Amino acid sequence: MRYLTDRKRAEGKGASGTGTEHHWYMQTSAVGLAFMVPAFVFIVGHALGKDRAGVIETFANPFVAILTGLVLLVGMRHFAKGAQIMIEDYLRGTAKKMAVIFVISLSYTVTAAGLFALAKIAL
Amino acid sequence: MSETTKVERPLSPHLQIYRWHIPMLTSILTRVTGNALIVSTMLIVWWLAAAATSDSYFAFVDGLLRSWVGDIVLTLSVLGVWYHYLAGLRHLYYDAGHGMDIPTAEKLGWGLLIGSVVLTVLTIIII
């Protein structure tokens, strides 16, 4: 038992128990993605249609490789946290927990697969 | 310590009992596009992984993405990206405490719907 009053335990944390941390992450990642995504769409759009050598040449470029890595990493965290909010709106109990775990696992797997491919292409 | 009694909290409102209006439609589309983009991301990652693997595997995945089905999915992905992009900017604007009155919210909603289509067409032209 912790010697804290109920008020002290709850203050500033809201219904989520983590305060505004989640919302603040969505805001900061949104701003980051707002700068990166247009360039990424343009790069992928141009690379799509090239042969394998052309695609490898595009993504082996350091700027493109770093940008792609960042879009994947930040984009997938943004996705996981956004999807978690959706799940929390529509599901309850064990179903909610399982869905949240699934979404977090999926987003990390996609990130890892993408970074692995990038490393193989760029290095 | 307080008792953690289980309280029946309300779920999100049931959409079918509401008359659709622009802020409501554009809000739910933000969620739909955002979550649908996982499919687009997985396709692009798959395509990158294929490029990193071998000529034959790349030819297979690349062929899939450049087929007419791939064209439809990728065009919808671009539309989804731009819609979610504009909706995200609107969200930041709302969060800063602006644009919450009904006339402005309606205009912003139309801005998202029209703007995302315009940006998609521009993207297809540029690419």
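This is a predicted model: local features need pLDDT of at least 70, side-chain atom pairs count only at pLDDT 80 or more; totals for chains, interfaces and linings use all residues.

Me: Why is α1(B) called oblique to α3(B)?
Reply: Helix α1 (residues 22–53) and helix α3 (residues 68–95) of chain B pack at about 135 degrees, with axes 8 Å apart. Angles under 35 degrees count as roughly parallel, over 145 as roughly antiparallel, 65 to 115 as roughly perpendicular and the rest as oblique. The angle therefore makes α1(B) oblique to α3(B).

Me: Which residues make that contact?
Reply: From α1(B), they include B:L29, B:T33 and B:L37; from α3(B), B:V81 and B:H84 are among them. Contact means C-beta atoms, placed from the backbone, within 7 Å.

Me: How many residues of chain A are in contact with chain B?
Reply: 30 residues of chain A are in contact with 28 of chain B. On the chain A side, α2(A) gives the most, with eight residues.

Me: What span is expected for α4(A)?
Reply: The expected span is 1.5 Å times one less than the number of residues. α4(A) has 29 residues, and 42 Å is expected. Its C-alpha atoms, first to last, reach 42 Å.

Me: Which residues of α4(A) are buried?
Reply: A:V71, A:L72 and A:F79 are among them. Buried means 20 or more other C-beta atoms within 10 Å of the residue's own; 12 or fewer is exposed, and in between is partly exposed. The buried residues of α4(A) pack against α2, α3 and α5 of chain A, together with α1 of chain B.

Notes: Residues are numbered from 1 along each chain as its sequence is written. Chains are lettered from A and ligands numbered from 1 in the order in which they are written. Axes are lines fitted to C-alpha atoms, for helices over the stretch in contact, and angles run from 0 to 180 degrees between N-to-C directions. Helices (H or I, at least four residues) and strands (E, at least two) are DSSP runs, numbered from the N terminus. Two residues are in contact if their C-beta atoms, placed from the backbone, lie within 7 Å.
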